[in-house]
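Please look through the following report with the sequence and the model open beside it. Each heading takes up one part of the assembly.

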Amino acid sequence: MTTKPFTVMYPKEPAVVKDRWRGLHGLFYNKCIGCGLCEMACPNDCIDYIYPEDVDPRDKKNLKLRRPAIDWGHCIFCGLCVEACPTKALHHTPRYQIQAFSDSRLDLITTPEEMADEEDRKKIYHSSLDKIRRLMQTDLLAMAAGGEWEEVLNKLREKWIALYYDKIDEKISEEEWNKKAREIEEIVYKIMLQISLP
Amino acid sequence: MSNVSNLKETTKQELIRALGKDIEVRELKWPRYIGFNLLDPTKIREVVKVLKKLGYAQPILITGVDKPKENIIELVYKFNRIDSAVISWIYVQLPRDNPKIPSITPLWKAAFPHEIETYDLMGVIFEEIPDLRHVFLPWDWNLGFPLRKDWDPSLAKKYPWWEMTRKFYDPFTIPSDESDDIYYISVGPQHPAVHGSFRLIMKMRGDTILEAWPDFGWVHRGVEKICENKTYEQIIVYTDRLCYGSSISWNLTYTLAAEDLLNIEVSERAKWFRVILVEMQRIVSHLLWLAALSGDLGTFHSMFLYPLREREKLLDLFEKACGARLTYSYIKLGGVGILKHAEDVPDTWFNELKDVIQDLKKKVKEYIDMTGNSETFLIRTKNIGILRGKAAIEAGATGPVLRAGGIKYDVRKVDPYLVYDQIDFEIPTGKVGDVYDRWLVRINEIIQSIHIIEQAIENIPKEGKLYQKVPPAKLRGSGEGFARTEDPRGEAAIYIVGDGSNKPYRIHIRSPTYINLTLLHFLLRKAKFADLAAIIGSLDPCMAEVDR
Amino acid sequence: MGVDPIYDITLKTNEFVSSLLNQIFILLGIPMQFYEIAYITIMVLLLFLVFLLDVLVIVWLERKLIGRIHHRRSVTETGPAGFLQNVADVIKLMAKEDVYPATADRFLHNIVPALATALSAIPLILIPFGPGLYLVDMNTSAVLFFAITTLVPGIVVLAGWASNSKYPTIGAFRAGLQLISYEIPLSISLVAVILMANSMNFINIVEAQRNIWFIVLQPLGALVFFIVSIMEVERSPFDIPEAEGEVLAGWRIEYSGLKFGLFYGTEYFKLFISAAAFTLLYLGGWYGPFFPSAMYFILKVHLVIVMMIWVRVTYFRPRPDQLVSISYTKLIPLSLLNLFWVVVITPLILPYF
């Protein structure tokens with residue numbers, strides 16, 4: 001009773017995190033080679049790949065340009081993906097607090113730009129619709145929704161990807177792509193707001 | 001080792017003499033185990049009678065393997081011994097469309113939980129078993145058997161899950177010829193004394209329990225079926241979450257079984273380090289058990305929080321080594337490691353461990369003072385829930401529960417794995433087999449673990465890679481892999497059947513607490529209602545591993 | 001008596017209330033027969049209010065002290081050092097929905113919390129707080145005090161019965177079991193004190209301790225009475241009717257919202273009252289060094305409460321049948337021994353009273 005209590009008064013005092021803490025991921029954007037090993041290692045299917053803007057996903061030569069997006073809501077922070085990475089581009093940071101508390105499940109899915117460690121690659125998405133535009137290439141949104149919404153989101157994704165291919169092949173113009181893609185993204189956003197955080 | 005070969009010879013001769021042409025010897029890859037093929041399934045009881053006469057102690061695992069290509073279901077029985085490492089394996093093949101076999105429960109009570117589970121998930125019917133019912137699935141399940149290879153997972157959605165609790169809350173209607181002072185109460189899935197989520201249906205008169213039926217399955221997640229779709233490396237994560245109170249121990253059991261199947265070797269340094277980690281985990285698990293028991297027996301007692309404080313220090317050490325506090329995934333195929341390029345633990349880690357251990361020695365004396373020397377603890381734990389000697393072995397108990405009854409059986413001494421044969425430690429036993437003895441055994445195990453860690457820190461070799469990541473080409477294997485370890489709760493075992501691909505064909509997990517909790521049916525007879533918390537607490541349940 | 005602030009405050013309140021009442025009565029033209037009743041009602045209500053404030057302090061003290069013994073920090077957020085946590089708890093409980101089983105006895109379910117609070121708080125008026133500071137001067141006040149506190153387990157049984165469900169019923173009957181365990185040692189120890197003080201009036205009992213406290217003269221009786229007080233209040237380690245590990249708050253399970261809040265409050269009322277009884281009977285009430293004062297009484301009561309809190313976190317809970325056996329095989333013989341001891345030594349020390 002006479003010694004100092006053992007309690008750590010979080011959140012007034014920060015919780016002391018040790019070096020090897022398996023926290024939220026960080027990505028060295030320039031070191032990543034888009035090999036695909038992290039997705040194969042993940043036990044929970046939380047990782048999927050995003051190509052940069054205006055890059056054709058169907059071309060096999062562009063595989064090395066893709067970067068991982070991780071769903072932190074389903075991630076169990078086991079470290080198998082970090083272990084699988086051959087260039088040590090994917091690593092754990094000591095962060096343990098997820099940045100925003102909001103009603104949308106979307107805040108738990110990160111894009112490679114948000115995870116990036118280099119300053120010139122790092123980008124924070126202030127608009128949810130922009131973030132959805134990046135994430136539509138992956139199946140993470142459908143898997144995060146689960147249940148009945150999964151099939152709906154998969155169908156929307158197929159439509160969006162068909163539009164994307166059309167844009168890359170220049171069958172439709174920029175404004176038309178923007179308008180139609182935005183329609184789909186707004187529907188997806190409404191769906192994501194329906195799903196509460198786990 | 002001559003003991004082992006003598007035993008194997010004797011077993012072989014006796015079995016062939018008793019059954020003649022119906023049994024034949026099967027070659028196993030492990031030199032200390034012996035295997036047999038039983039060609040006539042109806043003769044299983046004669047086999048069991050011979051084995052019992054030869055002194056085999058318990059059926060530790062009965063696995064069903066579904067092989068639709070050959071149109072059979074193969075049952076593998078494994079019987080262990082108290083005094084030696086020999087396990088007898090009996091393989092029986094049953095036709096897939098009508099798998100029936102006589103049950104061995106009338107001869108051996110400890111086989112009941114295994115047989116029930118095989119019926120529940122695989123559909124093998126055991127004849128003349130006292131009570132054939134579903135244990136993990138709902139009681140009126142008729143949508144197929146999940147572990148079979150041709151089961152359609154979408155069938156699970158068709159069951160009316162929402163109505164289940166209403167239907168089965170009060171399954172027993174009071175028979176009209178029973179007297180008025182008998183009532184049935186359900187110590188339900190939500191109750192602080194049950195440490196997790198299981199249910200006891202009890203028949204009581206006044207304050208005395210007349211009979212109790214445990215009801216499992218509330219936390220069933222289908223881990224065995226999930227693991228059939230994951231690669232050998234990904235399954236590590238699932239083993240963490242089997243019993244989160246002792247997660248390194250399950251990591252180790254699985255890793256030993258997978259390394260057995262895939263023929264992977266690890267360095268000596270990795271083996272010694274694994275010993276250190278497993279013993280640390282044993283201390284952590286026992287401290288948590290002590291806190292839970294004290295919390296149950298008294299309201300908000302000091303002993304609820306003091307062991308947790310020591311546990312925090314050990315968890316900090318785990319965090320420094322591998323980055324997580326509860327579910328480690330640290331012991332992997334190829335050694336002990338979390339990153340690919342073998343980041344070893346620095347020497348400062350070992351020094352800190354030594355300091356924590358020395359401090360813990362003093363604190364354990366304090367814990368003994370607060371519980372074991374306290375009169376109020378003694379009246380709650382002495383002569384309650386007695387299970388001793390042969391009755392304990394017959395009923396299938398392992399671990400501290402068995403050792404409290406006076407039987408010196410510890411897998412680390414009988415069938416040493418890792419480097420336990422080079423370490424000097426004792427096995428604490430009790431005399432009477434009551435709750436007090438189980439407490440005493442576990443406290444002494446903490447002290448013994450401290451002793452083992454001290455020896456391991458001195459003897460760990462400085463050279464050698466801690467973690468050698470296995471190349472993916474080597475992660476394919478066919479055949480069988482088996483490993484058993486001494487979990488803080490008892491004897492844990494994992495049996496893997498591989499078919500040549502990079503995913504296992506069948507993985508079966510023996511959870512010690514599942515068997516220990518079926519003992520409740522015997523321990524709770526004629527006990528008082530208030531003893532429930534003490535008895536369940538002393539068996540140290542961890543429901544996630546019971547239900548898998 | 002200018003050194004005793006509590007006496008001064010009480011005196012001033014007395015004068016203030018009587019003058020106020022006088023004026024109100026004259027103003028409204030109410031006949032003076034009702035003056036007595038109105039005066040007493042207001043004084044009792046004021047006492048109860050002060051008592052409630054003290055209970056607030058006691059609850060805070062318990063939580064902080066248990067936290068410190070557990071080597072951790074307890075309530076820290078609301079108010080300075082967590083002092084307003086109980087106010088926050090009461091507000092939360094008031095805001096909760098009143099959920100009760102469908103088959104429960106509605107009328108009893110609503111009434112029982114109020115009955116329990118009333119019965120637990122009534123003995124307060126029998127306690128003398130200081131020299132000349134008392135509400136009631138009966139010559140059987142000690143016996144009446146314990147007679148009223150004995151009624152409370154009856155209310156507990158009624159509370160469990162009203163819920164019409166298995167776990168509360170088990171808890172309720174355990175409360176009955178506890179009643180038969182503590183009643184006899186309590187009465188025998190009380191008789192020993194009464195014999196030594198030669199009176200059943202609390203004031204006379206305290207006066208008889210002006211030279212030496214009874215805890216020194218009958219230590220065995222004090223020990224038995226202390227243990228039995230904890231049993232009476234149904235506090236750990238004798239909280240068998242509400243044992244969390246087995247019957248999950250026993251007879252209190254089906255009460256939610258403010259009903260639960262009232263039961264929670266009654267536990268602390270009973271605690272204070274038992275500690276006050278122990279102080280009056282064994283610790284010499286308001287006598288202390290230099291001069292008798294009500295301050296000593298309050299201090300001693302709080303010390304006894306601290307001891308009861310400490311006992312709570314140190315001992316495990318016995319089984320109900322073990323409780324009965326502890327009482328009948330250990331406590332009753334000890335209290336009889338104490339009675340015998342008192343009968344022997346009282347004539348020897350009577351000249352010194």
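Which residue in β15(B) does B:V497 stand opposite? In β15(B), B:V497 stands opposite B:R506.

## About the model

This is a predicted model, in which local features need pLDDT of at least 70 and side-chain atom pairs count only at pLDDT 80 or more, while totals for chains, interfaces and linings use all residues. Residues are numbered from 1 along each chain as its sequence is written, and chains are lettered from A and ligands numbered from 1 in the order in which they are written.

Helices (H or I, at least four residues) and strands (E, at least two) are DSSP runs, numbered from the N terminus. Two strands pair if DSSP finds at least two bridges between them.

## A hairpin in chain B: β14 and β15

Strand β14 (residues 490-499) of chain B runs antiparallel to β15(B), and 6 bridges join them. The two strands form a hairpin with 4 residues between them. In the turn, B:G500 has a positive phi of about 95°.

Strand β15 covers residues 504-510 of chain B, and 6 of its 7 residues are buried. A residue is buried if 20 or more other C-beta atoms lie within 10 Å of its own, exposed if 12 or fewer, and partly exposed in between, with C-beta atoms placed from the backbone.

Strand β4 (residues 72-80) of chain B is largely enclosed by the rest of the structure, because 7 of its 9 residues are buried. β4(B) is joined to β3(B) by 9 bridges, and these strands run antiparallel. Their hairpin has 4 residues between the strands, and B:N71 takes a positive phi near 60° there.

β4(B) is also joined by 8 bridges to strand β5 (residues 87-95) of chain B, again in the antiparallel sense. The hairpin of β4(B) and β5(B) has 6 residues between the strands. B:L75 of β4(B) is the bridge partner of B:G64, and B:L75 also has B:V92 in β5(B) as a bridge partner.

## Two domains of chain B

Chain B is divided into domain 1 (2-148) and domain 2 (223-547); these bounds come from an automatic or database domain assignment. The centres of the two domains, taken over C-alpha atoms, are separated by 27 Å. In total, 16 residues of domain 1 are in contact with 21 residues of domain 2. Two residues are in contact if their C-beta atoms, placed from the backbone, lie within 7 Å.

On the side of domain 1 that touches domain 2, the elements that give two or more residues are β3 (58-67) and α3 (112-122) of chain B. β3(B) gives the most, with 5 residues. By class, this side has 12 nonpolar, 3 polar and 1 charged residues. Ala, Val, Leu, Ile, Met, Phe, Trp, Tyr, Cys and Pro count as nonpolar, Asp, Glu, Lys and Arg as charged, and the others, Gly among them, as polar.

## A loop residue in chain B

B:P192 is found in the loop between β8 (182-187) and β9 (199-205) of chain B. B:P192 is partly exposed, because 13 other C-beta atoms lie within 10 Å. B:P192 and B:A292 are 100 residues apart in sequence, and their C-alpha atoms are 9.6 Å apart in space.

## Two helices of chain C

Helix α5 (residues 141-163) and helix α6 (residues 166-197) of chain C pack at an angle of about 175°, with their axes 8 Å apart. That angle makes α5(C) roughly antiparallel to α6(C). Axes are lines fitted to C-alpha atoms, for helices over the stretch in contact, and angles run from 0 to 180 degrees between N-to-C directions. Angles under 35 degrees count as roughly parallel, over 145 as roughly antiparallel, 65 to 115 as roughly perpendicular and the rest as oblique.

Residues of the contact include C:F146 and C:W161 of α5(C), and C:L179 and C:E183 of α6(C). The contact divides into 14 nonpolar, 7 polar and 1 charged residues.

## Where the chains meet

Between chains C and B, 23 residues of chain C are in contact with 26 residues of chain B. The largest share of the chain C side, 3 residues, comes from α12(C). By class, that side has 9 nonpolar, 6 polar and 8 charged residues.

Between chains A and C, 5 residues of chain A are in contact with 5 residues of chain C. The chain A side has 4 nonpolar, 1 polar and no charged residues.
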